Amino acid sequence: MMYILKPLTQAQAEEIAYKWHYDGDYSFYDMEADQEDLLEFLDPAQRGDSYYAVFDDDQMIGFFSFTQKDDHTIDIGLGMRPENTGEGNGEIFVHAGIEFAKRTYHPPHITLSVATFNKRAIKVYENIGFQKEDTFMQPTNGSNFEFVRMVYDCE
């Protein structure tokens, strides 16, 4: 399966923000769950050129964000179209983002943060080679939640 990353358009950001809704505990990842995150995601100036839509053929199946840190590490954020989650495509999807980051930014490391309750995603990241670095509390969605920071060594 081949995924293509293209710069995220405003129309695509609005589709993700208003039409992508996850079931059960995963509704935590709905863009509308946190108004501050939603406003940032929908504002082209704040989004900048760091967000990319991911396509499988003609359908947008996800997105990535890439933020370069002072040490040249790339921090990624990502999301898959809700109906594509849980189908066993997580590893190839994340690999597509890693390969894009490596080609585009040449980082020594790639990091990401994931809510600790999301065991399914953590397993995908560990299978790819991410290592748990630390945990931290993050205010989001009107409360504080525990996240784990994970790191992937590109060298």
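## Contacts of Phe66

Leaving aside its neighbours within four places in sequence, Phe66 is in contact (heavy atoms within 4.5 Å) with Leu5, Ser50, Tyr52, Ile74, Asp75, Ile76, Gly97, Phe100, Ala101 and Tyr105. The model is predicted: local features need pLDDT of at least 70, side-chain atom pairs count only at pLDDT 80 or more, and totals for chains, interfaces and linings use all residues. Residues are numbered from 1 along each chain as its sequence is written, and side-chain values use heavy atoms, with hydrogens and water left out.

## Two nonpolar cores

A nonpolar core is a set of buried Ala, Val, Leu, Ile, Met, Phe, Trp, Tyr and Cys residues joined through side-chain atoms within 4.5 Å; buried means under 20% relative accessible area with a 1.4 Å probe, protein chains only. The largest such core has 29 residues, of which Phe66, Tyr125 and Phe130 touch the most other members. At least two residues each come from β2 (51–56), β3 (59–68), β4 (74–80), α4 (90–105), β5 (109–115), α5 (119–128) and β7 (143–153). Helices (H or I, at least four residues) and strands (E, at least two) are DSSP runs, numbered from the N terminus. With six residues, α4 gives the most to this core.

A second, separate core holds 15 residues, among them Ala13, Trp20, Leu38 and Leu42.

## Phe63

Phe63 is found in strand β3. Is Phe63 buried or exposed? Phe63 is buried, because its relative accessible area is 8%. Residues up to four places away in sequence aside, Phe63 touches Ile16, Trp20, Met31, Phe41, Tyr51, Tyr52, Ala53, Val54, Gly77, Leu78, Gly79 and Phe93. Gly77 is 14 residues from Phe63 in sequence, and their C-alpha atoms are 8.2 Å apart in space.

## The second largest pocket

On a 1 Å grid over the protein atoms alone, a pocket is an open set of points where a 1.4 Å probe fits, with protein on both sides within 12 Å along at least five of seven lines; lining residues have an atom within 4 Å of a point. The second largest pocket has a volume of about 160 Å³, taken as the space filled by probe spheres set on the points.

Its lining consists of Met1, Met2, Tyr3, Ile4, Leu5, Ile92, His95, Ala96, Glu99, Phe100 and Arg103. Both β1 (4–7) and α4 supply at least two lining residues, and α4 gives the most, with six.

## Record annotation

The UniProt annotation "domain: N-acetyltransferase", from an unreviewed entry, covers residues 3–155; such annotations may be inferred rather than shown by experiment. The end C-alpha atoms of residues 3–155 lie 23 Å apart, and the span is 31% helix and 36% strand.

How values were computed: Buried means under 20% relative accessible area, exposed over 50%, partly exposed in between (1.4 Å probe, protein chains only).
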